[in-house]
Amino acid sequence: MTSTPPFPLTGEPLALDLLNTRPADTGDLIAGPAGLAAWLTVQEGRLGPVGKVGPAEVAAVHAVREAAGAALAAARRGERPAAGALRVLNEASAGAPAHRELVWTAETGLAAAPHRTGTPARRLAAELADAAAELLTDPRVRDVRECEGADCVLLFLPAHPRRRWCVAAACGNRARVARYYARHKP
């Protein structure tokens, strides 16, 4: 028996992965601590350590997601994002300042690893706000697309200009099957 992946689309820029935690058909996938913890596990290696996830982390991530969504919608249209959305993202980013910390490991030698101060909720919100800022200032922000699948609202940044669906094996296949049945309808 195969199980449905808990998150329908991951591996996009981190800010898009965050926005895609609210697909149309299943509701908010990170509505509570368990959902957020599962999403953070999927994002392993892309974010710093968070530790135990609780209501504070969920609230912080939701605030960043709402602001990032509003700012991205405006940026995709070439419009100025709302001042409130930018304020939320800027405050989240400033809530846990980052600095480089020199570390030594036998495998890699000397490295400068990013280190943030603040509570786990503030660190997580800051990292996600920085990811949103990176996407919003990327020249390709206007290339971000919404999946053309029926009732799908997931966003992606296409690597190929002909990409139309978030996941070709899911939304793309449903569209192809629907076209086939429409052509062969008695």
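Residues are numbered from 1 along each chain as its sequence is written, and side-chain values use heavy atoms, with hydrogens and water left out. As the model is predicted, local features need pLDDT of at least 70 and side-chain atom pairs count only at pLDDT 80 or more, while totals for chains, interfaces and linings use all residues.

**View 1. Asp-28 and Arg-65 form a salt bridge.** A salt bridge here is a side-chain nitrogen of Lys or Arg within 4 Å of a carboxyl oxygen of Asp or Glu, and a search of the whole structure finds 9 of them. In this pair, the closest N and O atoms are 2.8 Å apart. Asp-28 sits in the loop between helix 1 (14-19) and helix 2 (33-42), and Arg-65 in helix 3 (residues 55-76), so the bridge ties together parts that are 37 residues apart in sequence. Helices are DSSP runs (H or I, at least four residues), numbered from the N terminus. Arg-65 is buried, with a relative accessible area of 1%, whereas Asp-28, at 27%, is partly exposed. Buried means under 20% relative accessible area, exposed over 50%, and partly exposed in between (1.4 Å probe, protein chains only).

**View 2. Arg-65 also forms a salt bridge with Glu-66.** Their closest N and O atoms are 4.0 Å apart. Glu-66 is partly exposed, its relative accessible area being 42%.

**View 3. Arg-77 pairs with Glu-79 in a salt bridge.** The closest N and O atoms lie 3.0 Å apart. Elsewhere, salt bridges that share partners link Arg-22, Asp-28, Arg-65 and Glu-66 in one network.

**View 4. Helix 4 (residues 83-94) crosses helix 5 (residues 120-136).** Their axes come within 7 Å and cross at roughly 130°. Helix 4 is therefore oblique to helix 5. Axes are lines fitted to C-alpha atoms over the stretch in contact, with angles from 0 to 180 degrees between N-to-C directions; under 35 degrees counts as roughly parallel, over 145 as roughly antiparallel, 65 to 115 as roughly perpendicular, and the rest as oblique.

**View 5. Residues of helix 4 meet residues of helix 5.** From helix 4 come Leu-89, Ala-92 and Ser-93, and their partners in helix 5 include Arg-122, Ala-125, Asp-130 and Leu-136. Contact means heavy atoms within 4.5 Å.

Conventions. Helix = DSSP H or I, 4+ residues; strand = E, 2+ residues; numbered from the N terminus.
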